[in-house]
Amino acid sequence: DSTPLKLNSTDKYSWNGVYLFRDGFGTADETFMSIMANKTPLGHGHFDQGSFTLYAGSTPLVLDPGVESYFATTKAWYTGSSSHSTMQFAKAGSASYLDTPSISDNQRFSTNDAIDTMSLRISDPNAGSAGKHTRSIAYVKTDLDAVVIWDQVKGASTGTVWNLPVVASKLSEIDGNKVES
């Protein structure tokens, strides 16, 4: 069959917690984004609810670290939320942050030729907290060609931190803050 493959944005894999935004498949300007949001725990053991990978212009910008080995001493880092593009709640009474829960609630997904949107909700993992993190993502495919991520936190019992594992070839410094990947 000589019909060219056409890959589009889809929620076809939502049963496995994966949602895809895609435009320009097979071109140098391809944009691709995958988002993790599963309603039941997955067997891979990563605390990555709401995390995403992003390629723009066929160039990787934000990546999932994968795993070096499920049997190495580095496993905890690779599977933890801090190595994924997540938002974490601070642990009550501590200076550390908790991993995201193993499930989230997909609120909505839509796609058309101009824009893809999705939102999901993640609960604060602190015991007794009614806090919620809602992540809304919009991919504007028209001339703007932009991804907008809007995180809202309500009712959190503690502070939060936002993680973004960007692709970089060296350590950078911005306004005195170290940026590394």
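Trainee: Which residues make the nonpolar surface patch of about 260 Å²?

Mentor: This is a predicted model. Leucine 5 lies in the segment before strand S1 (18–23), and leucine 5 is exposed, with a relative accessible area of 60%. A patch takes residues with over 30% relative accessible area. The patch is made by Leu5, Leu7 and Phe25.

Trainee: In what order do the elements of the protein run from the N terminus on?

Mentor: The protein has one helix and twelve strands. From the N terminus, the order is β-β-β-β-α-β-β-β-β-β-β-β-β.

Trainee: What is the radius of gyration of the protein, and what does the globule rule give for 181 residues?

Mentor: The two values are close, so the protein is as compact as a globular protein of that length. Along its principal axes the C-alpha trace spans about 60 × 35 × 35 Å.

Trainee: How much of the protein counts as buried?

Mentor: Buried means under 20% relative accessible area. The accessible surface of the protein comes to about 10,400 Å², and 54% of that surface belongs to carbon and sulfur atoms. Of the 181 residues, the buried share is 36%.

Trainee: Which residue is the bridge partner of phenylalanine 32 in S3?

Mentor: S2 pairs with S1 in the antiparallel sense over six bridges, and in that pairing tyrosine 19 has isoleucine 35 of S2 as its partner. S2 also pairs with strand S3 (residues 52–56), again antiparallel, over four bridges. In S3, the partner of phenylalanine 32 is tyrosine 55.

Trainee: What is the phi of serine 58, which is not a glycine?

Mentor: Most residues other than glycine have a negative phi. Serine 58 is in the loop between S3 and strand S4 (59–62), and serine 58 is partly exposed at 37% relative accessible area. Its phi is positive, about 60°.

Trainee: Where is aspartate 145 found?

Mentor: Aspartate 145 also has a positive phi, about 45°, although it is not a glycine. Its relative accessibility is 40%, so aspartate 145 counts as partly exposed. Its place is the loop between strand S8 (132–140) and strand S9 (146–154).

Trainee: Which residue forms a salt bridge with glutamate 30?

Mentor: The count of salt bridges comes to three. In this one the closest N and O atoms are 2.8 Å apart, and both residues are buried. The partner of glutamate 30 is arginine 22.

Trainee: How far apart in the chain are aspartate 116 and lysine 141?

Mentor: Their side chains meet in a salt bridge (3.0 Å, N to O). Aspartate 116 is in strand S7 (residues 115–123) and lysine 141 in the loop between S8 and S9, so the pair links distant parts of the chain, 25 residues apart.

Trainee: Is arginine 135 buried or exposed?

Mentor: The side chains of arginine 135 and aspartate 151 meet in a salt bridge (2.8 Å, N to O). Arginine 135 lies in S8 and aspartate 151 in S9, so the pair ties together parts 16 residues apart in sequence. Aspartate 151 is partly exposed at 23%. Arginine 135, with a relative accessible area of 0%, is buried.

Conventions
Residues are numbered from 1 along each chain as its sequence is written. This is a predicted model: local features need pLDDT of at least 70, side-chain atom pairs count only at pLDDT 80 or more; totals for chains, interfaces and linings use all residues. Side-chain values use heavy atoms; hydrogens and water are left out. Patches are made of residues with over 30% relative accessible area and no salt bridge: like charges are joined within 9 Å, nonpolar side chains (Val, Leu, Ile, Met, Phe, Trp, Tyr) within 5 Å. Accessible areas come from the Shrake-Rupley method with a 1.4 Å probe; for residues, only the protein chains shown count as cover. A salt bridge is a side-chain nitrogen of Lys or Arg within 4 Å of a carboxyl oxygen of Asp or Glu. Helices (H or I, at least four residues) and strands (E, at least two) are DSSP runs, numbered from the N terminus. Buried means under 20% relative accessible area, exposed over 50%, partly exposed in between (1.4 Å probe, protein chains only). The radius of gyration is taken over C-alpha atoms; the globule rule is 2.2 Å times the number of residues to the power 0.38. Two strands pair if DSSP finds at least two bridges between them.
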